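Keep the structure open as you read.

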Amino acid sequence: MRFPSHRVWSCLHATRRLHEARTVFPLLACLWVAFATPGRAAERPVRILALGDSLTAGYGLAHADSFVPRLQAALDARGDAITILDGGVSGDTSTDALARLDWALGDNPDAVIVELGGNDGLRGLDPARMEQNLTAILDRLKQAHLPVLLSGMYAPPNMGASYGQSFRAVFERLSHRPGILWDPFFLDGVAAHPELEQADHIHPNPAGVAVIVARMVPLVERLSHRP
């Protein structure tokens, strides 16, 4: 939280004569005004970058029905001072997201949601390479002192059990990094529920997005309060 110095100094200036009475009350009163008085000089909203692929970008959906606008609307309805920055690009693999990371951070977020890996799995890319990319992303965000909510992913079943286990193990290992806020599966409650999926059985429909948003809101609120 930023220190509202302009309010403290204005208050002290107005009460400077009381200081001659050698009392600390003016200072205490000014600090209370600066920090505890509701409705004054609201802080800048916490800016959270949603770094992801088509699941973040809202592939196949009207913009208003996609993940970022729906999450923003849910947070606004709760009165949360949080702004979600849309960093979703359809088709992105972990390699693509790493390549554009510095550009995505140009909006100066305060925290980051990382939702990646789906396209790596769909293309059968090496899980070891995905782990290198995701590790590099998380290292870069740590270097920038940005709290992270990491959302996990599973490989498509048709890739086989061995590939699926190796793929999932990447996220399990990364989830244990210090300071990571962990969401085990971005499509939890939506995958394998045809009524919540688009015709491709990969991307959520508007009802599916609503399920994801409802689960993510408490996590995003926790992320916004992390130092």
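**From a loop glycine to the core**

Start at Gly91, which touches Ser54, Asp96, Asn119 and Arg123, leaving aside residues up to four places away in sequence. The model is a predicted one. Gly91 sits in the loop between β2 (82-88) and α6 (94-99). Is Gly91 buried, exposed or partly exposed? Its relative accessible area is 25%. Buried means under 20% and exposed means over 50%, so Gly91 counts as partly exposed. Now look at one of its partners. Gly91 and Asn119 are 28 residues apart in sequence, yet their C-alpha atoms are 6.4 Å apart in space.

Step back to the whole chain. The protein chain has 11 helices and five strands. It holds 227 residues, and 45% of them count as buried. Among contacts with a separation of 6 or more, 76% join residues 24 or more positions apart.

The largest nonpolar core has 53 residues. Which residues have the most contacts inside it? They are Leu71, Ile84, Val114, Ile137, Leu141 and Val220. Helix α11 (residues 206-224) supplies the largest share of this core, eight residues. Ile137 shows what such a residue touches. Its contacts are Leu51, Ser94, Ala97, Leu98, Leu101, Val114 and Leu116, again not counting residues up to four places away in sequence.

Turn to α11 and its packing against helix α5 (residues 67-77). The two axes come within 9 Å and cross at roughly 55 degrees. That angle makes α5 oblique to α11. The crossing is right-handed. From α5, the contact uses Phe67, Arg70, Leu71, Ala74 and Leu75. From α11, the contact residues include Val209, Val213, Val217 and Val220. The contact of α5 with α11 has 12 nonpolar residues, no polar ones and two charged.

Helix α9 (residues 127-143) packs against helix α10 (residues 161-174) at an angle of about 15 degrees, with the axes 9 Å apart. Because of that angle, α9 is roughly parallel to α10. Here too the crossing is right-handed. On the α9 side, the contact is made by Pro127, Met130, Glu131, Leu134, Thr135 and Leu138. On the α10 side, Tyr163, Phe167, Val170 and Phe171 are among the residues involved. This contact of α9 with α10 divides into nine nonpolar, two polar and two charged residues.

Technical notes
Residues are numbered from 1 along each chain as its sequence is written. This is a predicted model: local features need pLDDT of at least 70, side-chain atom pairs count only at pLDDT 80 or more; totals for chains, interfaces and linings use all residues. Side-chain values use heavy atoms; hydrogens and water are left out. Axes are lines fitted to C-alpha atoms, for helices over the stretch in contact, and angles run from 0 to 180 degrees between N-to-C directions. Helices (H or I, at least four residues) and strands (E, at least two) are DSSP runs, numbered from the N terminus. Angles under 35 degrees count as roughly parallel, over 145 as roughly antiparallel, 65 to 115 as roughly perpendicular and the rest as oblique. A crossing is left-handed if the near helix is turned anticlockwise from the far one by less than a right angle, and right-handed if clockwise. Contact means heavy atoms within 4.5 Å. Ala, Val, Leu, Ile, Met, Phe, Trp, Tyr, Cys and Pro count as nonpolar, Asp, Glu, Lys and Arg as charged, and the others, Gly among them, as polar. A nonpolar core is a set of buried Ala, Val, Leu, Ile, Met, Phe, Trp, Tyr and Cys residues joined through side-chain atoms within 4.5 Å. Buried means under 20% relative accessible area, exposed over 50%, partly exposed in between (1.4 Å probe, protein chains only).
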